[in-house]
Amino acid sequence: MYVCSCFGITEQQVKQHAENGACTPRQIASACKAGTDCGSCVRRIQALLGRGACPRRELADQGEPVLARLDEAA
């Protein structure tokens, strides 16, 4: 199912970016542009991310890169 109609981003793609370390809608936007045009998908992205702890927050706090590109992760 599409989450972002503007850029054709699916729920599965958002979940994959989250598995790769994207913990916020802003990080999802950096990874795939979802939420950067009309913004109507931001609440759905927030819901998909949930309110759980960010699995890579320690890396971010240490200044390490936390997002892997999808083509690198595959």
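Predicted model: local features only at pLDDT ≥ 70, side-chain atom pairs only at ≥ 80, totals over all residues.
Residues are numbered from 1 along each chain as its sequence is written, and side-chain values use heavy atoms, leaving out hydrogens and water.

On the buried side, helix α2 (residues 25-32) has Ile28, Ala29 and Cys32. They span an arc of only 100° around the axis, so they sit on the same side of α2; the arc is taken over the directions from the helix axis to the C-beta atoms. The cover over these buried residues includes β2 (9-10), α1 and α3. Helices (H or I, at least four residues) and strands (E, at least two) are DSSP runs, numbered from the N terminus. Just past α2 comes Lys33, with a positive phi of about 75°.

As for salt bridges (a side-chain nitrogen of Lys or Arg within 4 Å of a carboxyl oxygen of Asp or Glu), the structure has one. It pairs the side chains of Glu11 and Arg44, at 2.7 Å from N to O. Glu11 belongs to helix α1 (residues 11-19) and Arg44 to helix α3 (residues 42-49), so the pair ties together parts 33 residues apart in sequence. Glu11 is buried, at a relative accessible area of 16%, whereas Arg44 is partly exposed, at 37%.

Methods:
Buried < 20%, exposed > 50% of the residue type's maximum accessible area, 1.4 Å probe, protein only. Contact = heavy atoms within 4.5 Å.
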